[in-house]
Amino acid sequence: MKESGPGILTFLSGGGEMGKLTREKDWSTTPVGPPSGWPQSLRTILYVILNAKFPMFLWWGEELICFYNDAYRPSLGKHGKHPGILGMPAKKAWTEIWEVIKPLIDVVLEGGSTFSEDQLIPIYRNDQLEDVYWTFSYSPVIGEHTKPEGVLVTCQETTEKVNKLKLLKQTFEELQKKEERLNLVIEASELGIWEWQLDTNKIIYSDRYLEIFGLDPKIPPGPEDMTAMIHPEDKGIRENAMKTALDMGILHCELRIIWKDGSLHWIEAKGNVYLNEENKPYKAIGTMRDITAEKIHRQELMDSEQRFRLLADSMEQQVKERTLQLLTKNIELEKMNAELESFAYVSSHDLQEPLRKIQMFSSIINDQEINLRSEDAHYYFERIRASADRMQALIEDLLTYSRLGSTLPPFTTVNLADIVADTLSELKEDIRQKNAIVEIGPLCSISVIPFQFQQLMVNLVSNALKFSREGIIPSIEISSTIEGYECHIRVSDNGIGFEEQYNEKIFEVFQRLHKKSDYEGTGIGLSIVKKIVENHKGTITASGKKGTGASFDIRIPITQL
C-alpha cells in the first residue's frame with residue numbers, strides 16, 4: 001500500500017501477519033479502493049478484527065470483499081485460500097460453499113443475524129476439499145448510512161470436537177451392543193449373577209441366582225437364609241473359599257445346597273474380588289450356576305471310567321489320525337491348486353507358442369511359394385521341426401508334471417546361464433524382430449524347478465520385448481549375485497516402464513496397465529512369475545519409471561530343503 005500521512009494507517013496497526021498483509025496490499029485495484037477513502041465503520045471493525053484473539057472474518061460492501069485475522073488464519077490450512085482471498089469478492093473466494101453461505105449473508109444484510117453450531121461446511125484447504133465443522137455467528141456491521149454494509153463472522157472450527165463426539169457415540173453404541181450380547185450370553189448360559197458389598201455385607205442377586213436356590217425372585221431372602229441352605233458338610237468349603245478369595249482375589253468353589261422341599265442340588269460359584277484406592281477388598285462380583293446334572297453325569301462317568309477309558313483313548317487316537325489326514329489332504333489340495341494354475345497357464349500359453357511358430361513358418365513357405373528343396377525351405381522346415389520338438393517336450397513335461405499328482409516337482413541344482421540360454425533360444429525370433437540387445441551378467445547356480453524357472457524367465461524377457469518403446473532399440477539386462485543364503489536375480493529393460501503406484505498391482509491376476517489394443521496379453525504373465533517365485537520360497541519386487549524402463553528383482557534361497 002502506498003498510502004501515507006498521519007493517522008491513515010492507525011486503524012491497520014498491529015494485527016500480526018494479517019495486519020501486515022492488509023497494510024501491504026494494493027487496495028486501489030479492489031472494489032473498496034484505497035484505505036484513505038474507507039469509511040470509519042470499516043476502519044473501526046477492521047481494527048477490532050485484526051487485533052482480536054478470536055477467529056473473525058468480514059465481508060464488506062456490495063461485492064462482499066474478504067478480510068480476516070490471524071486467529072482465523074489456521075482454519076484455512078495450507079496450500080488453499082490463504083492469502084489469495086484477502087480483498088477478493090466472497091462469491092469468487094468461496095465458490096464451493098456459496099450456495100450454503102449466501103442465504104445466511106442475505107439474512108444479515110437485511111438486518112438480521114444467524115447462529116449455527118457444529119455446522120458441516122466443507123472448504124478447500126491443504127490441496128483438497130475437506131469436511132469441516134463450524135460453530136459461527138453472522139452479524140451485521142452498520143455503515144455510515146445506518147444500514148448493514150458488511151457481515152461480521154465470528155467463528156470457531158469444531159471438527160475435532162464433532163469427530164470426538166462421533167467416536168464417543170460409536171463407542172457408546174458398541175458398548176450397548178456388547179452389553180446386549182453379554183446379557184444374551186448370560187441368559188443362554190443360565191448363570192446367576194451376584195454382587196457382594198464387603199463393607200456392608202450386602203449382597204445383590206439376579207433373578208436367575210435365586211431360582212438356582214429354589215427361591216421366588218419376588219420374595220428376596222436375606223444372606224442368612226442363603227447360608228442356611230448350604231449342606232452342613234459343605235459349610236467349611238464355603239468359608240475356605242471366601243478366605244482364599246479375600247487373600248488371592250479369586251473365588252471358586254463347588255458345594256451342595258438343600259432346597260426347602262428337601263431336594264439336594266450342586267452349585268458352582270465363581271467370582272473376583274476388587275480393591276479400593278487403599279488396596280483393600282471392598283466388593284466381589286461373580287456368577288452362580290446349577291451343576292447338579294453335571295455332577296450326576298460326572299459320577300456316572302466315574303463309575304464307568306474303566307469301561308470307557310479304552311474307548312476314549314481309541315477315539316482320541318482316531319481323531320488325531322483323522323485330523324492329521326485332513327491337514328495332509330488340505331496341504332495337498334493347496335499344492336494341487338497351485339499346480340493346476342501352472343498347468344492351465346502352460347496349456348493355454350506355452351503349448352500354443354510352438355504351434356504358432358509352426359503355423360507361421362508353414363504360412364511363409366506357402367505364401368512365398370518357396371522351393372521346398374531350397375536353403376530357405378530347409379531353414380523354415382528346421383524351425384518347424386524345432387517348434388514341434390518344443391511342443392513335444394512341453395507335452396511330455398506336462399504329462400510328467402500331472403503324474404506327480406500332489407507331489408511338488410523336484411528341485412534341481414542348475415546354472416542359471418543354461419536356463420537363460422534356453423530362454424533366449426526360445427525367443428530368438430522375437431528378439432531378432434525387435435533387434436533387441438540382451439546383455440548377460442554373472443549368473444549363479446541354484447536349486448530350482450527347471451521348467452517353472454524357465455517359464456519365469458520367458459515371461460520376464462517376453463514382457464521386456466512386448467513393452468519396448470517405439471523407435472528405441474530394446475535393451476535387456478539379466479544378472480545375478482549371491483547375497484548370504486539367497487540368490488538375487490535382476491531382469492531390467494529400457495522399455496515403457498510404469499508408474500511407482502503400480503509396483504504391487506502389476507502382479508495381480510488379469511491386471512493390465514494398458515489397453516488391449518495397445519499391447520497383447522491376458523494380464524496373467526507377471527502373476528504366474530510371482531507364483532513361481534513363491535513356489536521357490538522367494539520374493540519378487542518391481543520398480544520402474546514411466547518412459548525409462550522397469551526392473552524385476554527376485555530373491556530365492558540358493559538351496560531348497
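Author: Let us begin with helix 8, which provides three residues, the largest share of the lining of the second largest cavity; helices (H or I, at least four residues) and strands (E, at least two) are DSSP runs, numbered from the N terminus. This is a predicted model, in which local features need pLDDT of at least 70 and side-chain atom pairs count only at pLDDT 80 or more, while totals for chains, interfaces and linings use all residues. Residues are numbered from 1 along each chain as its sequence is written, and side-chain values use heavy atoms, with hydrogens and water left out.

Reader: How is a cavity found, and how many cavities of 30 Å³ or more does the search find?

Author: Rolling a probe the size of a water molecule over the atoms shows where empty space is left. A cavity is a set of points, on a 1 Å grid over the protein atoms alone, where a 1.4 Å probe fits but cannot get out, and its lining residues have an atom within 4 Å of a point. Points are joined across faces, edges and corners, and the volume is the space filled by probe spheres set on them. Here the search of the whole structure finds two cavities of 30 Å³ or more.

Reader: Which residues line the second largest cavity?

Author: Its lining consists of Trp 194, Trp 196, Leu 198, Met 242, Ala 245, Leu 246, Leu 251, Val 273 and Ala 284, around about 30 Å³ of space.

Reader: What volume does the largest cavity have?

Author: The largest cavity has about 160 Å³, and among its 13 lining residues Trp 59, Tyr 72, Trp 134, Tyr 138 and Val 153 are the closest to its centre. Strand 6 gives the most to this lining, with three residues.

Notes. On a 1 Å grid over the protein atoms alone, a cavity is a set of points where a 1.4 Å probe fits but cannot get out, and a pocket is an open set with protein on both sides within 12 Å along at least five of seven lines; lining residues have an atom within 4 Å of a point.
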